[in-house]
Amino acid sequence: MELSNKLALIGAVRSLGGSLLWSFTGFALFQYYRLPLTLISIFYVAQAVVSSIAFVIGGYLADFLGRVRTMIISAVVSSIVLIIAYLINRPLVVVIMVLIQSFFNNVYGVANTSIVGDYARSFSSLVRYFSRLRVGINAGWAIGPAIGGLLYEVYGFRVLMLLGSIIPLAALPLLVSLNEPNYMVETGLTFHVNKSFALFLIPTFLTFLVMGQLGFPLLTYYNAHDGLTTFQVGLLYMENGLLVVFLQDLIGRYLKKPSLISLGMVIYGVSYLTVAFIPNFAWAIADMFFITFAEMIVSPLSQSIANTLADPRTRGRYMGLYSLVTGLGRTTASSISSLLLPYALRQPLAMWGFVFAVALSSTGLYAILVKDIAVVSRRA
């Protein structure tokens with residue numbers, strides 16, 4: 001099996017198990033385990049901190065232990081801690097085990113991104129690999145929450161922890177069959193980040209601040225301002241996942257220039273600005289198409305550019321830093337949008353105009369940096 005297909009299949013299996021669990025974790029802590037909302041808020045803060053630490057440590061592990069070994073260890077430990085949570089099934093134990101699972105899941109993600117950079121030998125092949133990987137991951141997320149919602153309703157959250165542990169293990173034989181790529185490693189705890197990569201992280205943070213709107217901010221706004229039901233918003237997210245599954249590979253074939261990321265950010269900005277004028281569910285479906293279209297351009301290009309600019313001798317640590325910045329961007333998106341939502345319910349442009357401005361700022365910075373990125377791409 002071709003490596004890109006193998007990684008996509010592994011991603012599909014793992015995301016299926018992960019989406020069963022994480023789609024309902026916060027809700028289950030409140031409804032199933034009766035934790036107060038204050039503690040649930042602290043849980044999500046803790047998860048953000050744990051994830052940030054995991055990105056950094058994951059980079060070092062990917063470099064020093066190896067990409068495949070790090071992925072295997074992370075996958076196995078993630079499953080073990082969920083089994084422990086399932087067996088004990090006490091609120092405090094569940095919270096701790098789920099946080100540990102989140103840690104190793106993010107360590108896995110850094111190693112996974114790094115191994116793609118090791119195997120892909122050109123910018124176009126990087127885009128192809130990451131596009132294929134996104135197809136697999138989104139296939140899992142497209143069906144996981146629907147299955148998980150039914151199982152949660154019938155059997156409760158505990159069975160989701162069990163399945164979240166067992167299902168990803170089905171990908172273990174494929175993981176073990178991966179060949180460790182050959183790469184030189186720069187030893188030492190400290191490493192030098194080149195100027196081009198450091199500058200690229202600035203618009204990257206802004207980009208993922210925009211991308212982070214596809215979650216709590218958009219769901220809450222559509223529900224509170226436009227009266228869309230939770231089921232209707234769920235259908236919008238299903239639309240997002242299915243569009244990626246069916247169109248990402250096709251679009252990835254045409255993403256040969258790093259400069260196209262600026263076009264993607266313009267589409268992102270206009271699509272989110274349009275949310276302020278959406279009158280009903282039908283228009284929301286149409287706008288979700290363009291939001292997803294922008295995502296299919298920006299996401300594989302961003303990962304590909306990051307890998308192109310990274311020093312191969314410290315690629316794991318570079319990808320850990322990149323993942324840290326993208327994670328902070330998504331977290332900041334939810335935080336800022338939470339503050340803007342009360343104003344957005346009265347004046348939608350207060351929120352979506354801000355998102356539009358952030359997208360355009362990112363576009364301008366990419367336009368300035370893209371020449372250096374293109375030069376590095378041609379050298380790769």
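Ground rules before I go on. This is a predicted model, where local features need pLDDT of at least 70, side-chain atom pairs count only at pLDDT 80 or more, and totals for chains, interfaces and linings use all residues. Residues are numbered from 1 along each chain as its sequence is written, and side-chain values use heavy atoms, with hydrogens and water left out.

**Entry: α4**

Helices here are DSSP runs of H or I, at least four residues, numbered from the N terminus.

I also checked the length of α4 (residues 67-88). After α4 comes N89, with a positive phi near 55°.

**Entry: α12 against α13**

Two packed helices are described by the angle between their axes and the distance between the axes. For α12 (residues 260-275) and α13 (residues 281-309), I noted axes that come within 8 Å and cross at roughly 150°. That makes α12 roughly antiparallel to α13 (angles over 145 degrees count as such; axes are lines fitted to C-alpha atoms over the stretch in contact, and angles run from 0 to 180 degrees between N-to-C directions).

Which residues of α12 meet α13? On the α12 side they include L260, I261, G264, M265 and Y268, and on the α13 side F290, A294, I297, V298 and L301 are among them. Contact means heavy atoms within 4.5 Å. By class, this contact has 15 nonpolar, four polar and two charged residues (Ala, Val, Leu, Ile, Met, Phe, Trp, Tyr, Cys and Pro are nonpolar, Asp, Glu, Lys and Arg charged, and the others, Gly among them, polar).

G264 is in α12 and is buried, at 0% relative accessible area. Its C-alpha atom is 4.8 Å from that of A294, 30 residues apart along the chain. Not counting residues up to four places away in sequence, G264 touches A294, I297 and V298.

S362 is in α15 (residues 349-379) and counts as buried at 0% relative accessibility. Leaving aside neighbours within four places in sequence, S362 contacts P203, L206, T207 and M265.

How values were computed: Helices (H or I, at least four residues) and strands (E, at least two) are DSSP runs, numbered from the N terminus. Angles under 35 degrees count as roughly parallel, over 145 as roughly antiparallel, 65 to 115 as roughly perpendicular and the rest as oblique. Buried means under 20% relative accessible area, exposed over 50%, partly exposed in between (1.4 Å probe, protein chains only).
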